[in-house]
Amino acid sequence: YGELDDVKFYNAEVATASVAANTQLQFAIPDAGLSFTRNGVTASKTRLSSAVCQNANGCTLTEMQTYCTNEFAGTYTGTGPCKSAGLCYECSHLVYLTEYCAVLKETATAGTYIEDPDYPSCYFPFTANSQRFDSYPAPAAVIVTLRKSNDPFLALQRITEGRMDFGSKVIHERMAGYGLLVAGILMTCILLFMIYMLLSTHSEILEEEEEAEARRIKIGGSHASSPATNTAAQ
């Protein structure tokens, strides 16, 4: 994957027994000039799976323990009975390596690859044992997947921190952005309206003051002319 030029076989199967002791995984792809050995490979991990009671009348502690043992050869972590459709603690059990993904980079010789030391794995957080552990019981074979160091899959793993999904985060951020935009528009409208009302009120006050001043001038002028009028009459 990721334009592995001149490599005819991208996947190789490795017997589970080769990693069963948590020691070493080996495979070779002659067409790529690649011989691969990795020590310290983990063949299994402990996982906690949800234990849900499917019995309409509830499940006893013994029934939950039996379910965990029969389904996963695991240990039930609960200490009491479980209600119907209730989530009652977990079942602790092993899951086994199903896919091992390695990252390669091309050497100076075209079509020849070596392991990329910057990517011990294809999966975030890119540690040697950041691999796919999905199988119970142990699979008959482990799929080995090879990716080139420029594969966009690696960038997507890094950016999304292994979720491989931009969806919810982007939608939430977009909705938050829309919300802030609408809130900003509303606040701006309210502020402009308040400014308009203040200016309108101030203008009305000025007009009222001008009218009152005009009335005072008119009344004052009328009183000042009264003595002259009386003298002329005499």
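**Aromatic rings**

I started at F126, which is buried at a relative accessible area of 12% (buried is under 20% relative accessible area, exposed over 50%, partly exposed in between, with a 1.4 Å probe and protein chains only). Before going on I noted that this is a predicted model, where local features need pLDDT of at least 70, side-chain atom pairs count only at pLDDT 80 or more, and totals for chains, interfaces and linings use all residues. Residues are numbered from 1 along each chain as its sequence is written, and side-chain values use heavy atoms, with hydrogens and water left out.

For ring pairs I took Phe, Tyr and Trp (its six-membered ring) with centres within 6.5 Å; planes under 30 degrees apart are stacked, over 60 edge-to-face, and the rest tilted. That rule gives four aromatic pairs. One of them is Y67 with F72, edge-to-face at 6.4 Å centre to centre and 85° between the planes. Y67 itself is partly exposed, at 35% relative accessible area. I also looked at F124 and F126: their planes are at 80° with centres 6.0 Å apart, so I logged them as edge-to-face. F124 is partly exposed at 34%. Y119, F124 and F126 are linked into a cluster by ring pairs.

**Charges over rings**

Next I checked for charges over rings (NZ of Lys or CZ of Arg within 6 Å of the ring centre and within 35 degrees of the ring normal). R132 lies over the face of Y123, 3.8 Å from the ring centre. R147 does this with F153, at 4.0 Å.

**Disulfides**

I then searched for cysteine sulfur atoms within 2.5 Å, the cut-off for a disulfide, and got three disulfides. C53 and C59 have their sulfur atoms 2.0 Å apart; the link is right-handed, with 85° about the S-S bond, and both residues are buried.

C68 is joined to C91, S to S 1.8 Å. The torsion there is about 80°, so this disulfide is right-handed. It links distant parts of the chain, 23 residues apart: C68 is in helix α1 (residues 61-72) and C91 in strand β6 (residues 87-106). Helices (H or I, at least four residues) and strands (E, at least two) are DSSP runs numbered from the N terminus. C68 is buried at 1% relative accessibility, and C91 is buried at 1%.

C101 to C122 comes out at S to S 1.9 Å. Its torsion is about -75°, so I wrote it down as left-handed. C101 lies in strand β6 and C122 in the loop between β7 (113-115) and β8 (132-135), so the pair ties together parts 21 residues apart in sequence. C101 and C122 are buried.

Last, I looked up C189, which is partly exposed at 45% relative accessibility.
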